[in-house]
Amino acid sequence: MTLTGNGGNGNNRDVSNDRSYGNERPPNALELAWVRVRAHLKNEYGDAAFKNWLRSLTLLRASGDKVVLAVTSKFWRDWIAAHYGDRLVALWKAENMGFNGVEIVVNATEAKERPRGDALEMPPREAEEERPMPAPAPMNGEEPRLGDVKHLCTPLDPRLTFETFVIGKPNEFAHAAALRVAEADEIPFNPLFLYGGVGLGKTHLMHAIAWRLGMRNPVRRVMFLSSETFMHLFVKAVRYKDTHAFKEQFRSVDVLMIDDVQFFGEKSATQEELFHTFNALVDHRRQVIISADKPPVDLQGIEERLKSRLGSGVVAQLNPTNYELRLSILQAKAEQRGVAIPPKVLEFLAHKITSNIRELEGAMTRLFAHATLLNSREISIDMAQEVLQDLLRANDRHVTIDDIQKRVCEHYNIKMADLLSPRRARAVARPRQVAMYLAKQLTTRSLPEIGRKFGGRDHTTIMHGVRKIEELKQGDPSLNEDIEILTRSLTR
Ligand code: ADP
Ligand code: MG
């Protein structure tokens, strides 16, 4: 549903004060959309995320086909963009207001960049650069105080345990290393460095280790910090000129865990601090566990000596998922939530959503929400396709027509030149149609675009090919199997 308020469809719809709409005037369409987007995010990522970062995000305005959001620091901007950027864009697109992207600006910069006499009439903002970063949610809802280890930790999510972690080829080594550290009485290796792309389970494994350590030995002082908490504490300590106490706390723990150290890049003071803390802990035989998006050698802006220390224990990768792992995770999640989803739908999702596990979960959450809201409808592939349009499209980008043609040639053992030629012999015509069908199914290319990629064929020829395969598939199990195998190998 598209709401048209005083903002209409025009560009540069502005929000003169994003926190105080309500009393003076009714919210405009853009503001209402933002309320919905936030509600989705809160629903999908939970209250903790809301307290941590969502609250710090404010709506500024629309600019062309972009929504401009603001945060209070560069750190938060990078953090939110890295973790939730895709989802933010997808949700705004889903509002159908013509938005294609989201820009996140740091408030202070935004204020400086805006020309004088700007028609947007933004209220003046204070120099927000100086403001403290929003506090990450502490366990009891209070500000963490310096001087108390328990209060410094990032709260652990009860859902992220070894019991809920699904093991597959791509993550079995990282899992084994994590479990080893969590169950060992003596330090098996130091540090444990877990790395991998966004949404592949680093934070999950970190929480799982912390839970297990705490369960096995409640007196052991385990400190688990997200990089945002570490930064927050550090900035605060510097502001209160209390870096000594800050250092002491870290050094008094038995196990130190820091998630996402790539965010420390180029923040040299924090890096320096981390390095010294790290050395002190390792020298005193305390376990250190670190995660990042890259292996130590590839971390940018991090000093060589820190890199080499970080890589001196066990470095374990969380690899991109494969079809089997995705399917097992979907099955496990459906079971955990007690929702019956037809196996065909799970297989469809495992094929199509190949980016990461967070997106897979997001897809499931959305499907459940729709199924519950429209409780008469059962979850089907059609429904999934409709509800998850944007996610599916974003994931499609990975498969190209070139990939498809190459794989089809390999599969049927024919030459690329033949596939693209006008030859009509069955032995090449059928594989060609299969490739056309796959191009239509697995990419977002239009029929004319596909036609151009197939030796300049007309779009009607492509349509004919696609229909032919759809028809034949019905009664031809071996063709069906070919398509299944090809799809699998292209989307994993
Ligand atoms: P990262 O920290 O690597 O960006 P997360 O650990 O936050 O990724 O994982 C993203 C989401 O996917 C989380 O909700 C997590 O529970 C889930 N997840 C990741 N790996 C697995 C797994 N192997 N089994 C079950 N859920 C997983
Ligand atoms: Mg993480």
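Which ligand atom lies 2.9 Å from an N or O atom in the side chain of R358?

1. An oxygen atom of ligand 1 is at that distance from the R358 side chain. This is a predicted model, in which local features need pLDDT of at least 70, side-chain atom pairs count only at pLDDT 80 or more, and totals for chains, interfaces and linings use all residues. Residues are numbered from 1 along each chain as its sequence is written, chains are lettered from A and ligands numbered from 1 in the order written, and side-chain values use heavy atoms, without hydrogens and water.

2. For T203, an oxygen atom of ligand 1 lies 2.7 Å from a side-chain N or O atom. For E361, the corresponding distance is 2.5 Å. The protein covers 93% of the 550 Å² of accessible area that ligand 1 has on its own (Shrake-Rupley method, 1.4 Å probe).

3. Ligand 1 is surrounded by 18 residues (a heavy atom within 4 Å). The closest are V166, G199, T203, H204 and E361. Two or more shell residues come from each of α6 (202–216), α11 (323–337) and α13 (357–373) (helices are DSSP runs of H or I, at least four residues; strands are runs of E, at least two).

4. β2 (residues 66–71) pairs with β3 in the parallel sense over 6 bridges. K66 stands opposite G101 in β3.

Notes
Polar contact = N/O pair within 3.5 Å; in protein donor to acceptor, adjacent residues only side chain to side chain. Pairing = 2+ DSSP bridges.
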